[in-house]
Amino acid sequence: LVQPRGGGPRLLFSSATMLASIAWLRGGATSGSDAGGAGGAGGMGSPSPTSLDPADWATLRASAHAVLDASLDKLEAASEGRVWTPVPDDLKEALRAPVPPEDGLAHGELCERLLALLPYGAGNTHPRFFGWVHGSGSPGGVLPELVGAAMNANCGGRDHVGIYVERQVLTWCKEMMGFPASAGGLLVSGTSMATVLALKAARDARLGFDASREDGLAGGPTRLVGYAAQGTHSCIKRALDVLGVGADALRIVPVTDAFTMDVPALHAMVAEDRRRGLTPWLLVATAGSVNVGAIDDLDALADVAEAQGLWMHVDGAFGAAAVLSDEVRPRLRGMGRASSLAFDFHKWLHVNYDCGCVLVRDGDTHLRAFSDRASSLAGGGGGRHSPDYLAGNARGLAANAPWPVDLGIELSRGFRALKVWSHLLEHGTRALGAAITANLRHAEHLAALVDKAPTLTRLAPLSLQIVVFRYEPAGLLGGGGGG
């Protein structure tokens, strides 16, 4: 059926036609006069030769159990053996093979191929892996991945349970991070993508949504500049590059002896840029720098942002999670005053890769920065640039606005929220916070060992769980072992 409406014709399907189509795709036959006729969909007949369903479900079930058992065996024995095992040459060679054979592999051989990969990960599931702020994940993370694969939900939008799960996770995030319930939010691949989304909202809010989204930076003479401390994560400059603002628009502010942003120096730099006719716009604060674990004075920077009219973005990639630790929480007090926040679940919260989060204090700003369906959010016709296939309705599968697609750049999205939701339900915030606090004790123990070692020198104060030190054997640095 074709029903003209609003922006043009739209295809509609009768329930009988849809059921018949599903049965055909699953390899079954339809009863009745024809696939789309009054007879509707009947029982399953002989499998279609084009079906991708297994010919033998029992074999698939047995293979799935075997893979699950092997995966859990690996996780249970994670503390054994080497931390990192290089990929052997024969496996590298096998992974250079051409396109798979036309007839595919039997499930037994496929399982062998899958299980052959298990020993050769990055090593971050091993308890002696101490590098690069990689999260270890959690054995319980296997379960939501199974359920998510069975559901195969596109969480870009529409009215299904995946959208409600993500909304609940975001509500929990706002509560944990001190953001208002009205804030916008979205789950993404990680802090790098979250930063792009946050800074786009910041750019559009400063330049005006219509001007920024329609004309881009070419629409006016405004030269935006932002500020971040020395040692800020590289994703900030990358985001400015992607957004067309330019990496050189980021001013690098000197740091104190504690590697935190020098607030008086920031004041001076903002004043100088205004004198030169530039437009100070963005202030990036860090909650746990990846080099040394430093936490900027977030309250002081929030005061500067309010006084200067700057968008304050907090890069909390791993450090924001420490809000769950009673010990660290007071140092993150100003985080809830930020205009936006980006952080990861797959680092210090130990959710399996990948999942990050962006929160935007003004939910309307977040929505206006991305939605092409603004006039359709309550149902009805599409927005100015909204394609027909994204038009919303007041009820049915096309209802439930706003959708995640209205808050980011991806139309197709996996069910990332499920593993975060499951992880938080399994462990609770108290246990996760206690694990973070325990990690602080580990770092203190390592720092004490370094301080006692005659050939080791610490290079930065201990702020969180990152210990920075140098090996200085006698004679290597001029005989004295000095700097």
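**Exercise 1. Pairing of β8 and β9**

Determine in which sense, parallel or antiparallel, β8 and β9 pair, and over how many bridges.

*Solution.* Strands here are DSSP runs of E with at least two residues, and helices are runs of H or I with at least four residues, both numbered from the N terminus. Two strands count as paired if DSSP finds at least two bridges between them. β8 and β9 (residues 356-360) pair in the antiparallel sense, over 5 bridges. One of the positions concerned is S340, whose bridge partner in β9 is V360.

The model is predicted, and local features require pLDDT of at least 70, side-chain atom pairs count only at pLDDT 80 or more, and totals for chains, interfaces and linings use all residues. Residues are numbered from 1 along each chain as its sequence is written, and side-chain values use heavy atoms, with hydrogens and water left out.

**Exercise 2. The surroundings of β8**

*Solution.* V314 has L341 of β8 as its bridge partner.

Step 1: in a regular strand the side chains alternate between the two faces of the sheet. Buried means under 20% relative accessible area, exposed over 50%, and partly exposed in between (1.4 Å probe, protein chains only). Of the residues of β8 (340-344), 5 of 5 are thus buried.

**Exercise 3. The order of the sheet**

Give the strand order of the sheet, and identify which strands stand at the edges.

*Solution.* Step 1: the open sheet has 7 strands in the order β3-β9-β8-β7-β6-β4-β5, with mixed pairing. Step 2: β3 (184-188) and β5 (250-253) each have a single partner strand, so one side of each lacks a neighbour in the sheet. Step 3: from one strand to the next, the twist averages 20°; the axes are lines fitted to C-alpha atoms, for helices over the stretch in contact, and angles run from 0 to 180 degrees between N-to-C directions.

Step 2: β3 pairs with β9 in the antiparallel sense over 5 bridges. Within this pairing, G185 has L359 of β9 as its bridge partner.

**Exercise 4. Salt bridges within helices**

Find where in the structure D204 and K200 lie, and state whether D204 is buried or exposed.

*Solution.* Step 1: a salt bridge is a side-chain nitrogen of Lys or Arg within 4 Å of a carboxyl oxygen of Asp or Glu. The whole structure contains 21 of them. Step 2: D204 and K200 form one at 2.5 Å, N to O. Both belong to helix α7 (residues 191-207), where, being 4 residues apart, they are separated by about one helical turn. D204 is buried at 0% relative accessibility, and K200 is buried at 15%.

Step 1: in helix α10 (residues 263-275), E272 and R275 lie 3 residues apart, about one turn. Their side chains meet in a salt bridge of 2.6 Å, N to O. E272 is partly exposed at 33%, whereas R275 is exposed at 61%.

Step 2: D273 and R276 are joined by a salt bridge at 3.5 Å, N to O, and D273 is buried at 3%. Elsewhere, D299, D303, E306, R333 and R337 are linked in a network of salt bridges.

**Exercise 5. Backbone exceptions**

Locate the loop that holds D354, and the loop that holds N400.

*Solution.* Step 1: D354 is in the loop between β8 and β9. A cis peptide bond joins Y353 to D354, with omega about -5°.

Step 1: N400 is in the loop between α12 and α13. Although N400 is a residue other than glycine, its phi is positive, near 80°; N400 is buried at 12% relative accessibility. P402 is found in the loop between α12 (363-370) and α13 (416-452), and a cis peptide bond with omega of about -5° joins A401 and P402.

Step 2: V133, also not a glycine, has a positive phi of about 45°. V133 is placed in the loop between α4 (107-115) and α5 and is partly exposed at 22%.
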